[in-house]
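Subject: Structure handover

Hello,

I am passing on the structure we talked about. Please open it first; my notes on what was found in it follow below.

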Amino acid sequence: HDQTEAMTMGDRIVVMKDGYIQQIDTPTNLYNDPVNQFVAGFIGSPQMNFIDAKLLKVDGKYVVEFGSEDTKTTRGVKYQVAVPESKVDPEVLEPLVDQEVVLGVRPECIHDEPAFLAQATTGVINTTVEVTEMMGAETYLYLNCEGIQLTARVSPRSDVRPQDELKVAIDPNRIHIFDKETEKAVLN
């Protein structure tokens, strides 16, 4: 029941939910390639961020879109994360185009570093910092993006404070996509 002990000492770990085996794998594979949302959320601290989204195909490329509609101006406040070509499996993704999915992003895959933001061509989002938690070697930022709660694990040198507006970028190479209905991993 101690996740940290299991991840540091185990060669193979069994993750169970309600008496059923969800996944048996190495600690690295459980973390990087979870078979479903339960495993993805259970492994890792702080846990993976889950964002309700939609899978779209724009100009022949797959993108995951999330956000809200601004009813005052009737223009959408939507954010997109392009699925890297190296992760695309058309047989898996094509049936989910225009369907609701769940985007999974680990806290360390949300970046506030100017160098990362300067190179980001996708997944740049505007957030408001709600809480900062200094953990010594890292800082946890609890963010709000269009009502979506996110946790980012950033450098301890980060000087943002609660109520600051903060632009962050999601690393598209590290995203996960889950089927909204079955909660099974579609892309890791």
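This is a predicted model: local features need pLDDT of at least 70, side-chain atom pairs count only at pLDDT 80 or more; totals for chains, interfaces and linings use all residues.

Overall layout

By that count the protein chain has 5 helices and 13 strands. Its C-alpha trace spans about 50 × 45 × 30 Å along the principal axes. The radius of gyration is 17 Å, which agrees with the value near 16 Å that a compact globule of 188 residues would have. Among contacts with a separation of 6 or more, 59% are between residues 24 or more positions apart.

Surface and charge

The accessible surface of the protein chain is about 10500 Å², and carbon and sulfur atoms hold 48% of that surface.

Interior

Of the 188 residues, 41% are buried. In soluble globular proteins, nonpolar side chains tend to be buried together. The largest nonpolar core in this chain has 35 residues, and within this core Phe-66 and Leu-103 touch the most other members. Strand β10 (residues 148-154) supplies the largest share of the core, 4 residues. Another core, of 6 residues, lies apart from the largest one and includes Ile-13, Val-15, Leu-30 and Ile-43.

Leaving aside residues up to four places away in sequence, Leu-103 touches Asn-49, Phe-50, Ile-51, Ala-53, Val-64, Phe-66, Val-81, Ile-175 and His-176.

Backbone details

- The peptide bond from Ser-45 to Pro-46 is cis, with omega near -5°. Pro-46 sits in the loop between α3 (37-42) and β3 (49-58).
- Asp-59 is not a glycine, yet has a positive phi of about 50°. Asp-59 is in the loop between β3 and β4 (61-70). With a relative accessible area of 77%, Asp-59 is exposed, the cut-off for that word being over 50%.
- Glu-183, also not a glycine, has a positive phi of about 65°. The loop that holds Glu-183 runs between β12 (176-179) and β13 (185-187). Glu-183 has a relative accessible area of 35% and is therefore partly exposed.

Regards

Note on methods:
Residues are numbered from 1 along each chain as its sequence is written. Side-chain values use heavy atoms; hydrogens and water are left out. Helices (H or I, at least four residues) and strands (E, at least two) are DSSP runs, numbered from the N terminus. The radius of gyration is taken over C-alpha atoms; the globule rule is 2.2 Å times the number of residues to the power 0.38. Buried means under 20% relative accessible area, exposed over 50%, partly exposed in between (1.4 Å probe, protein chains only). Contact means heavy atoms within 4.5 Å. Accessible areas come from the Shrake-Rupley method with a 1.4 Å probe; for residues, only the protein chains shown count as cover. A nonpolar core is a set of buried Ala, Val, Leu, Ile, Met, Phe, Trp, Tyr and Cys residues joined through side-chain atoms within 4.5 Å.
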